[in-house]
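Let's take a walk through the open spaces in this protein and see what lines them.

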Amino acid sequence: LSKKNVGSKDKRAPRETNQAVVRKAMLRRLPRRLGVSGQLLLPAAPSLFEHFTELLHEAFALVGRVFNAEETERLRSIVKTKLEEAFEVSPYSRVVVDYATAEPPSTALNYNVYVAASSVASEYASWVTTRTPPYFGVHPDAKIVECARSLGAPAEVPVLDIGAGTGRNTLPLARDGFPTDAVELAPALASILRAEAEKERLPVRVFEADALGGELELARGHYRLVFLAEVIASHIRSVEEIRVLLERAANALATGGLLVFNAFIAKDGYRPDSMARELSQVYWCNLFTKTEIARAMQGLPFELVSDESTHDFEAEHQPAEGWPPTGWFVEWSRGLDLFDLPGGRAPIELRWLVYRKL
Ligand SMILES: C[S@@+](CC[C@H](N)C(=O)[O-])C[C@H]1O[C@@H](n2cnc3c(N)ncnc32)[C@H](O)[C@@H]1O
């Protein structure tokens, strides 16, 4: 171009001097120097993949990294796959998104998505290092004690505590003279229970095992009481898994013996979708419908003895100084860990279910 031509072009496009327009123009260039790096931890709920993709999209857009349709689709597909992978391992796993802007003046954003796997055993291993005991309360469950005592003289009533934790129920029952066995999956908790029983010279047998696994062998028809306190409620993931536990309990119980467990049951009229089911596992309040419990029970030699609210029963029967059992129990048992609703409005609740072996 000749000098003359350049000059005449400039005259047709006057310089921008409007302060507001100029400032906006500078802000649009800011991503060339604005840097950010961070980590997002997503709970393992595959049905939330759209929600999480939008969240990431917005977070990245805040620092001027606006993904186009193709980039968004790629992010969505990675997040979806990783959430499914994480949930399959365990609902306590998380999907980690590490992100960082590229070196200036690039306006790119790099990210890496991966699964941080967890398990029941590793969750409790971390409780032992980060929380102050007692982890589940000081006193035994009033419902368990009531059922055990209803069966006769303690020496004649062998009991089995499945998912015994640190022995909140096992130890008091053994102290009362009930021949007591305990099954516990998490080594960190089983060793506390074992040490406590040894310290008090209580004849408790502790089986460190997965109650769902094939390696656990229980004496047939031996127990008068088999119970699972806060176990199905916190950690059992499907009707098929409940079925395994119920079959085992049926085999291990003597005729006339009692099976007691608590579970989060959906209120009549509430039909949980996949988001509710996945998040209930994330928040340790695994929900089931009455129909699903009936399916797990189908054909087994049990008759229902009682079905009542765990919160209400325990609130009424626990000693005053033992209530609430933990800082989390009241909200958890009323379904409020999953649903941010006023007390009494959640569509699930923890219930004590008692069955007699026929
Ligand atoms: C919320 S804690 C309750 C502990 C105890 N029952 C109580 O009420 O104090 C749930 C317990 O169930 C155990 N658990 C979960 N799944 C299990 C399985 N498949 N086999 C044996 N124990 C299991 C956990 O390790 C944990 O100790």
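Start with the second largest pocket, where α7 (170-175) and α8 (187-199) each put at least two residues into the lining. Keep in mind that this is a predicted model. Between those two helices, α7 is the top contributor to this lining, with 3 residues. The space here comes to about 280 Å³, and 15 residues line it, with P134, T166, R168, L171 and E196 closest to the centre. Sort the lining of this second largest pocket by class and you get 8 nonpolar, 3 polar and 4 charged residues.

Now move over to the largest pocket, which holds about 1000 Å³ of space. Its lining runs to 46 residues, and the ones closest to the centre are Y92, V120, Y124, H235 and W284.

Which helices and strands supply at least two residues each to the lining of the largest pocket? On the helix side, look for α5 (120-130), α9 (232-235) and α10 (239-252); the strands are β4 (159-162) and β5 (180-184). Of these, α5 gives the most, with 4 residues. Two of the residues closest to the pocket centre, V120 and Y124, fall within the 120-130 span of α5, and H235 sits at the end of α9 (232-235).

Conventions: Residues are numbered from 1 along each chain as its sequence is written. This is a predicted model: local features need pLDDT of at least 70, side-chain atom pairs count only at pLDDT 80 or more; totals for chains, interfaces and linings use all residues. Side-chain values use heavy atoms; hydrogens and water are left out. On a 1 Å grid over the protein atoms alone, a cavity is a set of points where a 1.4 Å probe fits but cannot get out, and a pocket is an open set with protein on both sides within 12 Å along at least five of seven lines; lining residues have an atom within 4 Å of a point. Grid points are joined across faces, edges and corners, and a volume is the space filled by probe spheres set on the points. Ala, Val, Leu, Ile, Met, Phe, Trp, Tyr, Cys and Pro count as nonpolar, Asp, Glu, Lys and Arg as charged, and the others, Gly among them, as polar.
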